[in-house]
Amino acid sequence: TAHCAGAVGDDAAVAKARLLEAISRYDRVKAATPTDGVPVDFGVRGGEIDGETGKPVNILDKLSAVSPELEGAARDVLRAVDDLEK
């Protein structure tokens, strides 16, 4: 059982490292991508909530319109979060 607990801890450490790398890549892609003023951050400040209606906005759609590479980097972050939750 101690061995199993170690394996679970190792899996979590690997998942966390993947998440941090995915976030780092997203940040690098975002810094290198002209956005023409479109907010491309995760979170309310980043545009997930429409400023006029208060309704949620699909951030991936916004990122895709800015840059397919940026959308891909964001999807990698979301996938890494999902892996960490397992």
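**Notes on the model**

1. Ala 17 is found in helix α1, where helices are DSSP runs of H or I with at least four residues, numbered from the N terminus. At 46% relative accessibility, Ala 17 counts as partly exposed, because that class lies between buried, under 20% relative accessible area, and exposed, over 50%, with a 1.4 Å probe and protein chains only. Ala 17 and Ala 80 are 63 residues apart in sequence, yet their C-alpha atoms are 9.1 Å apart in space.

2. This is a predicted model, in which local features need pLDDT of at least 70 and side-chain atom pairs count only at pLDDT 80 or more, while totals for chains, interfaces and linings use all residues. Residues are numbered from 1 along each chain as its sequence is written, and side-chain values use heavy atoms, with hydrogens and water left out.

3. Leaving aside residues up to four places away in sequence, Leu 60 touches Glu 71, Ala 74, Arg 75 and Leu 78, contact meaning heavy atoms within 4.5 Å.

4. Ser 67 lies in the loop between α3 and α4 and, at 10% relative accessibility, counts as buried. The side chain of Ser 67 reaches the backbone nitrogen of Glu 69 at 3.2 Å.

How values were computed
Helix = DSSP H or I, 4+ residues; strand = E, 2+ residues; numbered from the N terminus. Polar contact = N/O pair within 3.5 Å; in protein donor to acceptor, adjacent residues only side chain to side chain.
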